[in-house]
Amino acid sequence: MSMPMVSKAFTPHPLGPLTLKNRFIKAATFEGVMPRGQVSEKLIAFHAEVARGGAAMTTVAYLAISPGGRVHRDTIVLDAARAAALRTLTDIVHAEGAKVCAQIGHAGLVANTLSNRQPTLAPSARFSAPAMGWVGAADATQLATVVDDFGTAAAHAVAAGFDAIEIHMGHGYLLSSFFSPNLNKRRDAFGGDVVRRAELARRVAERVRRAAGDGVAVTAKFNMDDGVPGGFWLADSLVTAKLLQDDGHLDALQLTGGSSLSNPMYYFRGQVPMAEFIASQPAPVGLGLRVMGRRLFREYPFEEGFFVDTARQFRDTLRMPLILLGGVNRLTTVDTALQDGFEFVAMARALLREPDLINRFERGDRATGLCVHCMKCMPTVYTGTRCVVREAAGLRA
């Protein structure tokens, strides 16, 4: 008789200077409970529950490096005051037996400038729907400030007690937009070919590593594919990833895709909850969604592990640790990913539905999560990100 395979998913594994107790990371999910950018009790409780549920590390999203880098006014800016407030969160997560990561970034073209009452930046001048207007091209002085702001935010993350820092290099945010040939039309040190389009991100990674020191892991959420014609794709993203690897400042890449600017469903997959989106917005925005929503929110069928095939191109090319993301809901998917050479998996929606899913996996209660991929969690980011199915079942007040 053959012996059943023992899952490697519950074995400890290094991530840079850290050792994570298992291979499960809670991916960054905008929590929607930071009114005017304040650290709330609900934000702390959100991450404490995930930590208690068995994930080796939970990720606080999205912490802006500057006021202009916020997505909107309810985004936390990782300054000294917020770092002091976030210390309570990191202490509680640690008490629950997990590590905690700070995702830091600049929203760039994805920033809502009317909400922020701050200008934003872009690699090249263009109209941005999220910014609700024209965004000018950043000059060299502004980009130097961005690099410094990333370093300052990283230092604040260390002061707040975070074990890891994730640099946001995906989804059309500022660093991601510099990678993209259809967003970056520059002909200076920051554009013109794949190497120069990577320059800003490489400088940021170096600056964050220097600020973080040797005791904190530094990773990046990295776009493999923008999911739009003429955007960042494998021919360039594999080259860019190798540059980041060879620079030696990052401990891992978390592989993602899609653009909040022009194709957000590419990195979610599933049915678009358009009625719920419209209901969650002010009347003028809701009207715009009725007219243009289906064009912005293109629908992709959900598939378990939907980024796996693309991510394997990176596993075959790179030697650095990689974190698989995208529709992971089954323990068999995790086991296969680890067999394929991925060091960790990141989960989001599955842990919204069941924050204790990792504990359930380890106990053998079940091998598949309860998430049905309805995507109705997406519109809740405006009122506190949550699973509406779980809520209906009376499992969350």
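How far should the 14 residues of helix 8 span at 1.5 Å a residue? Helix 8 (residues 234–247) should span 20 Å, and its end C-alpha atoms are 19 Å apart, which agrees. The expected span here is 1.5 Å times one less than the number of residues. This is a predicted model, where local features need pLDDT of at least 70 and side-chain atom pairs count only at pLDDT 80 or more, while totals for chains, interfaces and linings use all residues. Residues are numbered from 1 along each chain as its sequence is written, and side-chain values use heavy atoms, with hydrogens and water left out.

**Helix 8**
- Helices (H or I, at least four residues) and strands (E, at least two) are DSSP runs, numbered from the N terminus.
- Buried residues of helix 8 include Leu234, Ser237, Ala241 and Leu244; buried means under 20% relative accessible area, exposed over 50%, and partly exposed in between (1.4 Å probe, protein chains only).

**Strand 12 and its neighbours**
- Strand 12 (residues 322–325) is covered on both faces, with Leu322 and Leu324 buried on one side and Ile323 and Leu325 buried on the other.
- Strand 11 (residues 252–257) runs parallel to strand 12, joined by three bridges; two strands pair if DSSP finds at least two bridges between them.
- Leu253 sits opposite Leu322 of strand 12.
- On to strand 13 (residues 344–347): this one also pairs with strand 12 in the parallel sense, over three bridges, and Phe344 in strand 13 is the bridge partner of Ile323.
- A right-handed β-α-β unit is made by strand 12, helix 12 (residues 331–339) and strand 13. Right-handed means that, with the strands pointing away from the viewer, the path from the first strand over the helix to the second runs clockwise.

**The core**
- The largest nonpolar core has 88 residues, and Phe24, Ile167 and Leu253 have the most contacts inside it. Such a core is a set of buried Ala, Val, Leu, Ile, Met, Phe, Trp, Tyr and Cys residues joined through side-chain atoms within 4.5 Å.
- Phe24 touches, among others, Ala9, Met57, Leu331 and Phe361, not counting residues up to four places away in sequence; contact means heavy atoms within 4.5 Å.

**Phe222**
- Phe222 lies in strand 10 (residues 217–225) and is buried, with a relative accessible area of 0%.
- Leaving out residues up to four places away in sequence, Phe222 touches residues including Ser237, Thr240, Ala241, Leu244 and Leu253.
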